[in-house]
Amino acid sequence: MYIEALKKNFPMAYTVEAQTIMAEKAGGIEKLDTLFDAGDAAGSTENTLWIAAVMMKAYANREKLKCKILGEEYKGGETPTYEELRLLVNVQDLGQDFVVEISEAMKAGNKTTVEVKEEKRKNAKATP
């Protein structure tokens with residue numbers, strides 16, 4: 001998932017790091033939805049930008065570590081901070097698509113994959 005600013009896409013990731021930071025601000029993981037309070041449009045706008053900045057930084061941190069582990073050079077550049085996003089993003093850009101991208105990134109981060117190993121069956125022979 002990406003947030004666009006200045007016609008550049010910034011990837012986001014809902015990692016444990018991002019979730020922990022967001023839960024601290026919300027007062028618990030079960031209260032994350034309060035960050036999108038529809039009754040407080042200004043606060044919701046600020047929180048949406050803040051969440052985008054947290055998840056963009058989480059993506060960059062994960063990629064930097066991945067490159068370090070694999071012995072590769074990180075070429076992703078730096079992500080805008082929350083304060084920089086406030087300057088870069090226009091109000092009209094904060095429409096439904098912006099929130100949908102954040103929601104999709106959160107869903108992707110919560111996606112659980114379960115692998116099931118098929119149990120080896122023994123040839124059962126009926127005994128008389």
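Student: Which residues form a nonpolar patch on the surface?

Tutor: In this predicted model, the patch is made of L65, I69 and L70. Together they have about 330 Å² of accessible area.

Student: Where does L65 lie?

Tutor: L65 lies in helix α2, which covers residues 41–70.

Student: How do I read the exposure of L65?

Tutor: Start with the cut-offs. Under 20% relative accessible area is buried, over 50% is exposed, and in between is partly exposed. L65 has 47% relative accessibility, so it counts as partly exposed.

Student: Now take S44. Is S44 buried or exposed?

Tutor: S44 is also placed in helix α2. Its relative accessible area is 15%, so S44 is buried.

Student: Which residues does S44 touch, beyond its neighbours within four places in sequence?

Tutor: S44 is in contact with L35, F36 and D37.

Student: What about rings? How many aromatic pairs are there?

Tutor: Searching the whole structure gives zero aromatic pairs. A ring can still have a charge over it, as W50 shows: the charged end of K25 sits over its ring, 4.5 Å from the centre.

Student: Let me step back to the whole chain. What pattern does the chain follow?

Tutor: Along the sequence it reads β-β-α-α-α-α. That is two strands and four helices.

Student: What share of the chain is buried?

Tutor: Of the 128 residues, 31% are buried. The chain exposes about 9,500 Å², with 51% supplied by carbon and sulfur atoms.

How values were computed. Residues are numbered from 1 along each chain as its sequence is written. This is a predicted model: local features need pLDDT of at least 70, side-chain atom pairs count only at pLDDT 80 or more; totals for chains, interfaces and linings use all residues. Side-chain values use heavy atoms; hydrogens and water are left out. Patches are made of residues with over 30% relative accessible area and no salt bridge: like charges are joined within 9 Å, nonpolar side chains (Val, Leu, Ile, Met, Phe, Trp, Tyr) within 5 Å. Accessible areas come from the Shrake-Rupley method with a 1.4 Å probe; for residues, only the protein chains shown count as cover. A salt bridge is a side-chain nitrogen of Lys or Arg within 4 Å of a carboxyl oxygen of Asp or Glu. Buried means under 20% relative accessible area, exposed over 50%, partly exposed in between (1.4 Å probe, protein chains only). Contact means heavy atoms within 4.5 Å. Rings of Phe, Tyr and Trp (its six-membered ring) pair if their centres lie within 6.5 Å; planes under 30 degrees apart count as stacked, over 60 as edge-to-face and the rest as tilted. A charge sits over a ring if NZ of Lys or CZ of Arg is within 6 Å of the ring centre and within 35 degrees of the ring normal.
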